[in-house]
Amino acid sequence: MELKKRKDQWTKEDDERLAEIVLHNVQNGKTQLEAFEMAANELGRTKQACGFRWNKTLRSQYSQSLLAVRNQPQQSMRSHLKLALTSFDELTEAYQSLEIRHRELQNEHEKLVKWLQQGYSLMKD
């Protein structure tokens, strides 16, 4: 007697693709629900079916990978924050330098205006 295969039975490839989508989404700061929706579109299933398959069957198999990808965005966030702070410090320093140069140019301008006014007064007299 031959075993009947259900039409909607999950294959190993389906499981692997679902896991890949979930892990990728979590790593990129998205939710598992978003991953289930994406997987549903790709695998031709409902997002509820994908969520059920993940939580009932695959989650325990991929628990270490899930934990690893959950920690990666935090490390990535720290490096982005560090870069942003460095950039902010550099911008602050550049702004302060420009502000000093601006004041110097304003002083030079005022001196030139006074000099021109004196010259004009002398020529007038």
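Residues are termed buried under 20% relative accessible area, exposed over 50% and partly exposed in between (1.4 Å probe, protein chains only). By this criterion, 19% of the 125 residues of the protein chain are buried. The model is predicted: local features need pLDDT of at least 70, side-chain atom pairs count only at pLDDT 80 or more, and totals for chains, interfaces and linings use all residues. Residues are numbered from 1 along each chain as its sequence is written, and side-chain values use heavy atoms, with hydrogens and water left out.

The protein chain holds four helices and zero strands. Helices (H or I, at least four residues) and strands (E, at least two) are DSSP runs, numbered from the N terminus. The order along the sequence is α-α-α-α.

Helix H3 spans residues 47-58. Its buried residues are Cys50, Gly51, Arg53, Trp54 and Leu58. Viewed down the axis of H3, these fall within an arc of 160°, so they line one face of the helix. The arc is taken from the directions from the helix axis to the C-beta atoms. Exposed residues Gln48, Phe52 and Lys56 lie on the face of H3 turned away from the buried side.

Leucine 116 belongs to helix H4 (residues 63-124). This leucine 116 counts as exposed because its relative accessibility is 54%.

Arginine 45 places its charged end over the ring of tryptophan 10, 4.0 Å from the ring centre. Such a contact requires NZ of Lys or CZ of Arg within 6 Å of the ring centre and within 35 degrees of the ring normal.
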